[in-house]
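Thanks for taking a look at this one with me.

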Amino acid sequence: SRLPLVNVTIKQAQWFGLDINQAQVTLAPLEKTDGLLLSDPWRLNIASENLMGHIDYFDTQLPLAINVERALFNFPDTSQETIKVADVLENIDPKKLLDADVSIQNLVKNDEPFGHWEFKIRRDKEQIYVHDLDATIRHTKLQGNLIWDKLDGVHRTQFTGRAESDDLASVLMAWGYEPGLSAKGSSMEIQLSWPRSPLAFALKD
């Protein structure tokens with residue numbers, strides 16, 4: 001049977017630490033599937049002040065397509081040494097996440113722009129692999145792959161990739177540093193790991 005159209009208004013909710021207030025959520029059959037022969041594909045639309053986008057479901061054998069036009073996160077201030085780094089994914093089991101192709105057009109954290117992100121989430125036994133990560137953040141192009149798992153209740157994240165910029169001085173200024181160095185082009189190979197989820201990264205780790 002065909003999926004019915006569902007409209008819901010959410011007055012106040014929270015998802016992964018993101019406040020979703022006065023949101024309009026719509027679940028409807030997906031009409032356009034690019035010629036794929038699918039059974040009951042659907043689209044979930046969400047529109048609120050903090051989050052706007054949609055999720056497309058095609059089939060159990062295909063990844064979700066998640067397209068976020070706007071995501072505004074407000075996390076606790078962790079600038080002081082005595083404050084523990086907040087991990088909004090602490091209670092999430094990564095191996096239970098669904099495969100998905102994700103595109104985030106505009107990511108904002110605590111009123112600071114964090115650019116455009118695209119990546120693919122794939123499960124493999126106890127781990128989550130984030131492939132083909134491609135982001136543009138404050139004059140910097142970031143590309144790479146990430147592994148996330150949770151063993152005995154402890155999160156672990158590993159990232160391997162590359163950061164490139166055409167204007168090093170602009171990068172330093174965008175991150176709040178004095179432009180003491182200048183270069184027309186710069187690149188850096190990155191290998192990082194930290195004992196938390198991907199969203200709880202801190203340099204002191």
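**Notes on the model**

1. D132 has a positive phi, near 50°, and is a residue other than glycine. Most residues other than glycine have a negative phi. At 47% relative accessibility, D132 counts as partly exposed, on a scale where buried means under 20% relative accessible area, exposed over 50% and partly exposed in between (1.4 Å probe, protein chains only).

2. Before going further, please keep in mind that this is a predicted model, in which local features need pLDDT of at least 70 and side-chain atom pairs count only at pLDDT 80 or more, while totals for chains, interfaces and linings use all residues. Residues are numbered from 1 along each chain as its sequence is written, and side-chain values use heavy atoms, with hydrogens and water left out.

3. Now for the overall plan. The protein chain has 13 strands and one helix, and from the N terminus on its elements run β-β-β-β-β-β-β-β-β-β-β-β-α-β. Of the 205 residues in the protein chain, 31% are buried. Taking contacts (heavy atoms within 4.5 Å) between residues at least 6 apart in sequence, 40% join residues at least 24 apart.

4. K125 also has a positive phi, of about 60°, although it is not a glycine. You will find K125 in the loop between β9 and β10. K125 is exposed, with a relative accessible area of 73%.

5. Which residues touch the most other members of the largest nonpolar core? They are I104, L107, W117, F119, L133 and L142, out of 30 residues in this core. The largest share, five residues, comes from β10. By nonpolar core I mean a set of buried Ala, Val, Leu, Ile, Met, Phe, Trp, Tyr and Cys residues joined through side-chain atoms within 4.5 Å. In soluble globular proteins, nonpolar side chains tend to be buried together.

6. L133 is one of those core residues, so do look at its surroundings. Leaving aside neighbours within four places in sequence, L133 is in contact with W117, E118, F119, L142, Q143 and G144.

7. The structure holds one aromatic pair. W42 and Y57 form this pair, which is stacked, at 5.2 Å centre to centre with 15° between the planes. For reference, rings of Phe, Tyr and Trp (its six-membered ring) pair if their centres lie within 6.5 Å; planes under 30 degrees apart count as stacked, over 60 as edge-to-face and the rest as tilted. The pair links distant parts of the chain, 15 residues apart: W42 is in strand β3 (residues 42-47) and Y57 in strand β4 (residues 51-57). W42 is partly exposed, with a relative accessible area of 24%.

8. Y57 turns up again in the lining of the second largest pocket, together with D59, T60, Q61, L62, P63, L64, L98, D99 and R123. A pocket here is an open set of points on a 1 Å grid over the protein atoms alone where a 1.4 Å probe fits, with protein on both sides within 12 Å along at least five of seven lines; lining residues have an atom within 4 Å of a point. The volume of this pocket is about 170 Å³, counted as the space filled by probe spheres set on the points, with grid points joined across faces, edges and corners. Its lining divides into five nonpolar, two polar and three charged residues, where Ala, Val, Leu, Ile, Met, Phe, Trp, Tyr, Cys and Pro count as nonpolar, Asp, Glu, Lys and Arg as charged, and the others, Gly among them, as polar.

9. Finally, a pairing between separate stretches of sequence. A200 lies in the segment after β13 and, at 0% relative accessibility, counts as buried. A200 and D87 are 113 residues apart in sequence and 5.0 Å apart in space, C-alpha to C-alpha.

Technical notes. Helices (H or I, at least four residues) and strands (E, at least two) are DSSP runs, numbered from the N terminus.
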